[in-house]
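Here's a quick tour of some charged pairs and packed spots. Have the model open alongside as you read.

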Amino acid sequence: MEVATWISAVANIFIALGVGLALCSFRGDHERSRREKAVELISQWALNLNKRGSAARKLVETLDHEKSKLLFNQEPLTIGKKHIGLVRAALEADVNEPEGNEIDLDENQSSELRWQVVTFLNSLESVLSAWRHNIADKDIITEQFRYLVSKTDGHYILEEFRVVAGGSHTYPAIQEFVEHLKKELNKNDGSGKRPVA
C-alpha cells in the first residue's frame with residue numbers, strides 16, 4: 001500500500017506541474033496575442049491614415065466650442081486665415097486667398113470637414129476600444145498614439161468637437177485614453193517623456 005500511495009503522490013505532483021506549465025503557457029500565449037493585436041490595429045490605422053484626415057484633425061483642434069458646434073451641425077463657419085493650408089489639405093479644394101483675416105466655409109465645406117473628423121474619430125475609437133477593454137497591449141497602443149495628446153499645445157484629440165458630439169457617451173474609449181494621458185503628463189514635466197528614475 002505504501003508503494004501505491006507513493007506512486008499516487010508522485011502522479012499528483014506531475015499533474016500539478018503539468019497544470020502549472022499549461023497555465024504559464026496560456027498566459028504567455030495570451031500576452032503575445034494582445035501584443036500581436038496591438039500591432040495589427042496600429043498597422044490598420046497607419047494604412048487608413050491620409051492627408052485629408054490628418055489635416056482635418058489639425059484644423060479642428062484649433063476650433064473653439066462655438067465653432068466646433070457649427071461644424072458638428074454642418075453650418076457655415078469662419079476659420080482664421082493662417083490655417084488656409086490646412087483648409088486646402090483637408091478639403092482638397094482650391095480655397096481662394098481671403099481678403100480679410102477669415103476663411104468662410106459654406107455648408108458643403110463644413111459638411112466635408114465634419115465627415116473627415118468623424119471618420120478620424122470613429123477609426124481611432126475602434127483602436128482605443130481595444131486599449132480600453134484590454135484586448136490589445138495597452139503599453140504599445142499608448143506609445144503609438146501618445147502624439148495625439150499634447151498638454152503644451154492644448155490638444156486632447158479634438159476635445160471641443162467630441163464634447164459637442166456627445167462627449168464620453170459618443171467616444172468613451174478616446175475620453176478614457178485622454179484622461180489616462182493627462183494623468184501621465186501631470187506626473188512628469190509635460191514633455192511626454194517619462195521622468196528619469
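First, the ground rules. This is a predicted model, in which local features need pLDDT of at least 70 and side-chain atom pairs count only at pLDDT 80 or more, while totals for chains, interfaces and linings use all residues. Residues are numbered from 1 along each chain as its sequence is written, and side-chain values use heavy atoms, with hydrogens and water left out.

**Salt bridges**

Side chains of opposite charge can pair when their charged atoms come close. Here a salt bridge is a side-chain nitrogen of Lys or Arg within 4 Å of a carboxyl oxygen of Asp or Glu. How many salt bridges does that rule give? The count comes to 12.

| Pair | N to O distance |
|---|---|
| Glu40 and Lys37 | 3.4 Å |
| Glu112 and Arg52 | 2.3 Å |
| Lys69 and Glu66 | 3.9 Å |

(Helices are DSSP runs of H or I with at least four residues, strands are E runs of at least two, and both are numbered from the N terminus.) For burial, the cut-offs are under 20% relative accessible area for buried, over 50% for exposed, and partly exposed in between, using a 1.4 Å probe and protein chains only. Arg52 counts as buried because its relative accessibility is 19%, whereas Glu112, at 25%, counts as partly exposed.

The Glu40 and Lys37 pair sits within helix H1 (residues 2-48), its members three residues apart, about one turn of the helix. Glu40 is partly exposed at 38% relative accessibility, and Lys37 is partly exposed at 29%.

Lys69 and Glu66 are three residues apart in helix H3, so about one helical turn separates them. Lys69 is partly exposed at 34% relative accessibility, and Glu66 is partly exposed with a relative accessible area of 49%. Elsewhere, salt bridges that share partners join Lys81, Arg88 and Glu97 into one network.

**A buried glutamate**

Where does Glu61 lie? You'll find Glu61 in the loop between helix H2 (51-60) and helix H3 (65-72). Glu61 is buried but has no salt bridge, and the nearest side chain of opposite charge, Arg57, is 4.8 Å away. For charge, Lys and Arg count as positive and Asp and Glu as negative, with His and the chain ends not counted. The Glu61 side chain does reach the backbone nitrogen of Ile157, at 3.3 Å. Setting aside neighbours within four places in sequence, Glu61 is in contact (heavy atoms within 4.5 Å) with Leu148, His155, Tyr156, Ile157 and Leu158.

**Packing around H4 and H2**

Which residues of helix H4 (residues 84-91) are buried? They are Ile84, Val87, Ala89, Ala90 and Leu91. The buried residues of H4 pack against H2, strand S1 (77-80), strand S2 (102-105) and helix H5 (107-132). Just after H4, Glu92 takes a positive phi of about 45°.

On the H2 side, take a look at Ala55, which lies in that helix. Ala55 counts as buried because its relative accessible area is 5%. Not counting residues up to four places away in sequence, Ala55 touches Leu86, Ala89 and Ala90. The C-alpha atoms of Ala55 and His83 are separated by 10.0 Å, with the two residues 28 apart along the chain.

Methods
Polar contact = N/O pair within 3.5 Å; in protein donor to acceptor, adjacent residues only side chain to side chain.
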